[in-house]
Structure formats: structure tokens, C-alpha cells
Amino acid sequence: TIVFLILYFVRPQDWVPAVGGLNVIKPIMELGFLGLATRHRRRPPWGIMTTPHEWVMLSFLVYGCYADQDWSGTLMTVLSVAGFYFLASQSLTEPQRLDRFFGWWAACVAMMCMIGVATDMGMDITGARELIDNRMGRLSLNTWLMDNPNALGHTGVTAFPLVYFTMVYRRDVGLKLLAIPVFALVAMCVIATQSKGAYLSAAAGISAALLVGRSVSVQVALVTLLVIVGSTVASMLPRMVDRESMKHDEGVMGRALAFEAARTAYQTSTTGWNRFVAEIQWEGETVKISTHSSLVQIGADLGSVGLFLYLSVLGCSLRSSLTLKTDLEELERARCLLFSLLVGYFVSGWMINRSYHTEYFLLAGAATAFHKLARERRLIAAGVLTAPDAEESNEEIMSHPVSSQADQQQVDAELIEGDSEEQASVRRMWRRYGIVDFAIAYGLLQFTLWFWDYLINYFNVE
């Protein structure tokens, strides 16, 4: 999983001649699944399809194939992204692994920002000068993922919560001091992209990171401070014009027209997995344009059911990050980081189209792994499960294959007998998709549709 993060974000295969053009991600995934298939059973069992997250993700992927006319062709595309999710959710089986996963994610994004700053200073490592010149000086990298300034900006801003929780939050002084230049590099890179959407996403991610886990009084004070500082900083950033001027920005107007076309598709006939392309009238001509929004793209592609399932995955992940508090430092760090990344991802989803990109599936996979680890930690704290013993015989542990859902159900059944009332209550803790999850997803869906219409009306699309 860590090697995959490096190949996905830094993408040396796009700019290092020795590995240029090689399809290295597919073999890495195959090796990852080979490792999962041959690993020995974990105690307590890990299992698969034992969380609401996994069932909702499976439903989303299946529906994505069903909604597409060429379902057999779409199946191969769906299987590739499904692999990212299940590899992450099945490999992060220890709190230390999850902590290390986020640490490497932070390192990869920070490395990408460092390359961006070097490029902006004239050291063009990836050969991006032509791209930058074509974008009127806005920073980009010559890689598949970062070949336009908005993509680089929206990815770069994730480094703020990633670096904060991996290097600052409950860390020693030395690591905190080391984080200062890293934050500076990330800020320099994001500012150089001149991406207005990235600035807004950064504000959302940073605010979530600073507010999560605080007392109400501290949150109120921080919100006041963030509003004052944020409004001051925003006025100093490139391309951050006043609201009335933004209404007449050609790029914003084009996106609003694309939003309206997508809204019509959502209400009438959907197109299938990643197939919708907006056609708008611009200066007397029909022009094809991207939706520039993950949420709008999903809605136009898969309709109300597909958008509901897409948001259900985010809703389950948010619920895990807000409710499953534990006494373990690594898991608390992961919980707060997940919440910050999910908030930032939802905000970015209105301004950049990465609806089917790997980040969504990696984030959902990490949230699934966190859910399992946090639930297990609570069961151990309640005395329902016994913590893994470091002195336990390896021969006994290694004499069984990988655990399955049947293993988990068998263990749960055995735990019922002799449980106290408190233990039984903890054991029955959120394991299946229920009315609360439905209500969260439905609320997200209604908010998404309302805000979608609001943006169309606000920018006066006729």
C-alpha cells in the first residue's frame, strides 16, 4: 500500500527516464493481493464484509455497473478502483500500520509540493514549463495526476491536515519544529497554483483539523479567530476577487452552465459510469466541458441512487470518525485526520472532478480499517475480546488461513454467552448499515441537491 502511494502521488514513472511509461501500479496491486491471500489469520479475526462501509461500497460499485449500458466493459474499470479500496481496508490491520499509512501519504503529498516549489523556482524536474506557460504561469507538474493547477492545488492542500496530524498532533517538539518548513513548502506550492477552489478546500481542511476533538468553548474561540484570519489571508491570495466579479468570470460561468446541464441529466436520463460530458452553448457554439465537480459528475452519471450510495460511503466514514473515540493515540490521530480529510474532500468535490479517482477509494478504505480497529479496541476495553498477546505461540496463530466473515460471525456468536449487559451492548455496537446511516446519507443527498441548485441560481444561469 505504501509503494502504491508513492507511485500514485509522486509518479516517478511519469518523469524518471529509467521507469518512464512502465505500468508499475498494476503489478504492485497484484503483489498486494497476493500478500493478502497468503497471510495468516489475525487474532482477533479481521474479516471481510463485516462493516457497513464495505457493504455500501460494494453496492455503489455494483450499481455503477448496472447503470451503465456497457456493463461488461465498465466492470473492468470498476474492478480496478475496487482493488484500491479493498487492498487498503484489508491491509491496514493494526493501529501502527494505519498510522504509518497516513505518514507515508503525508510524505508523498509533501514531496509532490516540494517538487512543485522547485519547479516554480526554475528547477523543472518533471518538464512542466510548457504546461505552466499555457496556464498563464499557474504552477502544474508534468504528471498524469497533477498536469493542471487545480489538480495540483487540491491535492497539495491535503498536506495541511496530513502533516498536522502526522508531525504536530501529540508529537514531540523536534517533529513539530520539523513540520514548520514542510508547511511553508506546501503553502508556497498551493499559492503558486492560484487555484481559488484549492484555497477554499484548504480553509475547510485546516478548520476541521483545528476544531475536531476540542471542547465547545475552544471551538467557538477558534471559529472566531479563523474567520478573522481567513478573511484577511483570502484578500491577499492570487485571483481571489470579490463575489460580484466572480459571477462574471468566464471559467465560473462555464462551470455553472455545466452544472445546469448535469442537473437536467440527473432529473431525466443518466449516462453511466463516468460517461457524462456537459454540452453548453458558448458564444453561439456548442462546447463540451467537464463538470469540474465530483458530486455533480456522479449525479449526472448515476442518478439519485448512485449519488445516494456515493454519499453513503462518505457518511459512514464521517460517522466512524466522529463517534468511534478510543484510548489509543494512533487511532485518535487517525480519527481526527480522517474527519479533516473527509471534510476537505467534500468541499473539493464541488470544485474539481475526481469522482472516480483513487483518493476516494483509499480514503474510504482507510476509514473502513479505522472502523474495524476502533470497534475492536472498544471490545477489548469492555472485556469482550482479549487483546492479542505478544507472547502467543506463532505456531498456533499461523495454523489457520485468512479470516472471513464466517470467522467473525462465529467469534461474535461465542462472545454472547457469558457477556454482561454492558459487554453485550458494546458487542452490538454499530456493525450494519441502519436507519442512522440512511438518515445521514439522505441528509447529505438533500444538501447536495439544494446546494447544486443554489449555485446554478446564484450565478444566474438561464
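Is W105 buried or exposed, and what is its relative accessible area? W105 is buried, at a relative accessible area of 5%, where buried stands for under 20%, exposed for over 50% and partly exposed for what lies in between, computed with a 1.4 Å probe on protein chains only.

Before I go on, a word on the model. What we have here is a predicted model, in which local features need pLDDT of at least 70 and side-chain atom pairs count only at pLDDT 80 or more, while totals for chains, interfaces and linings use all residues. Residues are numbered from 1 along each chain as its sequence is written, and side-chain values use heavy atoms, with hydrogens and water left out. The average pLDDT of the protein is 83, and 81% of the residues score at least 70, pLDDT being the predictor's confidence in each residue, from 0 to 100. Over residues 390–404, however, the pLDDT is below 50, and this stretch has 22 contacts in the model beyond near neighbours in sequence, a contact being heavy atoms within 4.5 Å.

Rings of Phe, Tyr and Trp (its six-membered ring) pair if their centres lie within 6.5 Å, and planes under 30 degrees apart count as stacked, over 60 as edge-to-face and the rest as tilted. By this rule the count comes to 32 aromatic pairs. One of them joins Y85 and F86, edge-to-face, with 4.8 Å centre to centre and 80 degrees between the planes; Y85 is buried at 0% relative accessibility, and F86 is buried at 14%. For F101 and W105 the ring centres are 5.7 Å apart and the planes stand at 75 degrees, so this pair too is edge-to-face. Ring pairs also link F4, Y8, F9, F84, F101, F102, W105 and W144 into a cluster.

Now the charged pairs. With a salt bridge taken as a side-chain nitrogen of Lys or Arg within 4 Å of a carboxyl oxygen of Asp or Glu, the whole structure holds 13 of them. In one, D70 meets R275 at 4.0 Å, N to O; because D70 lies in the loop between α3 and α4 and R275 in the loop between α13 (250–267) and β1, the pair ties together parts that are 205 residues apart in sequence. D70 is partly exposed at 39%, and R275 is partly exposed at 43%. Another salt bridge, between E332 and R335, has an N to O distance of 3.1 Å; these two residues lie 3 residues apart in helix α15 (residues 329–348), and both are buried.

Helix α3 (residues 52–66) reaches 21 Å from its first C-alpha to its last, and its buried residues include V56, M57, F60 and L61, with α4 (71–91), α14 (294–323) and α16 (358–381) among what covers its buried residues. Strand β1 (residues 278–282) pairs with β2 (residues 285–289) in the antiparallel sense over 5 bridges, at least two DSSP bridges being needed for a pairing. In their hairpin, which has 2 residues between the strands, E283 takes a positive phi near 55 degrees.

Terms used
Helix = DSSP H or I, 4+ residues; strand = E, 2+ residues; numbered from the N terminus. Expected span 1.5 Å × (residues − 1).
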